[in-house]
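Thank you all for coming.

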Amino acid sequence: MEPDELKEHRQWIVLQVAVMRAKFFTHSMQSDVYKEFMRSWADALQDYTKKEISKAIAQYIIESPRTTPNEGLIRQMIIKTRPRAKVAPKPNLDERRKLVQEVMQQYKVKRVP
């Protein structure tokens, strides 16, 4: 992600967190505390897409409407819902034998010691 894109993305995260915070409580923070609070959210979520962040925030509010979330909980929800990489199935014994035969023919190997 380019520096300008990253900056814009982080600003978007801060806005989303501010909106979410307003749903749970409205007390204000000192400006320097608020900046650090929002920086920690941006740091934790900057590697995820807007769609992933929005979906995780919405899902968290649906599942835990009375509990104030933190960046770690939202990050956990994103990771939990991400599709997992599929492991390629191992070839069966016949496929492995065929592969060995092909390699042996290619390199003109008559037998394996």
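**Around helix α4**

Let me begin with the buried residues of α4, whose cover includes α1, α2 (31-45) and α3 (50-63). Before going further, please keep in mind that this is a predicted model, in which local features need pLDDT of at least 70 and side-chain atom pairs count only at pLDDT 80 or more, while totals for chains, interfaces and linings use all residues. Residues are numbered from 1 along each chain as its sequence is written, and side-chain values use heavy atoms, with hydrogens and water left out.

The helices I name are DSSP runs (H or I, at least four residues), numbered from the N terminus, and buried means under 20% relative accessible area, exposed over 50%, and partly exposed in between, with a 1.4 Å probe and protein chains only.

Which residues of helix α4 are buried? In this helix, which spans residues 71-81, they are Ile74, Met77 and Ile78. They lie on the same side of α4 because they cover an arc of only 100° around the axis, where the arc is that of the directions from the helix axis to the C-beta atoms. On the face turned away from that buried side, α4 carries the exposed residues Gln76 and Lys80. At the start of α4, a side-chain oxygen of Asn70 comes to within 2.9 Å of the backbone nitrogen of Gly72.

If we leave aside its neighbours within four places in sequence, Ile78 is in contact with Leu45, Tyr48, Glu52, Ile53 and Ala56, contact meaning heavy atoms within 4.5 Å. Ile78 is also among the residues with the most contacts inside the largest nonpolar core, together with Met20, Leu45, Ile53 and Ile74, and this core has 17 residues. The elements that give two or more residues to it are α1, α2, α3 and α4. By a nonpolar core I mean a set of buried Ala, Val, Leu, Ile, Met, Phe, Trp, Tyr and Cys residues joined through side-chain atoms within 4.5 Å.

Let us turn now to the charged side chains. Side chains of opposite charge can pair when their charged atoms come close. I count a salt bridge when a side-chain nitrogen of Lys or Arg is within 4 Å of a carboxyl oxygen of Asp or Glu, and by this rule there are four.

In one of them, Asp43 meets Arg10 at 2.9 Å, N to O; Asp43 lies in helix α2 and Arg10 in helix α1, so this pair ties together parts that are 33 residues apart in sequence. Arg39 forms a salt bridge with Glu36, with the closest N and O atoms 2.8 Å apart, and another with Asp43, at 2.6 Å, N to O. Taken together, Arg10, Glu36, Arg39 and Asp43 are linked in a network of salt bridges.

Finally, there is one aromatic pair. The rings of Phe37 and Trp41 have their centres 6.4 Å apart and their planes at 55°, so the pair is tilted; the rule is that rings of Phe, Tyr and Trp (its six-membered ring) pair if their centres lie within 6.5 Å, with planes under 30 degrees apart counted as stacked, over 60 as edge-to-face and the rest as tilted. Is Trp41 buried or exposed? Trp41 is buried, at 1% relative accessible area, whereas Phe37, at 23% relative accessibility, counts as partly exposed.

Technical notes
A polar contact is a pair of N or O atoms within 3.5 Å; within protein, one must be able to donate a hydrogen and the other to accept it, and residues adjacent in sequence count only if both atoms are side-chain atoms.
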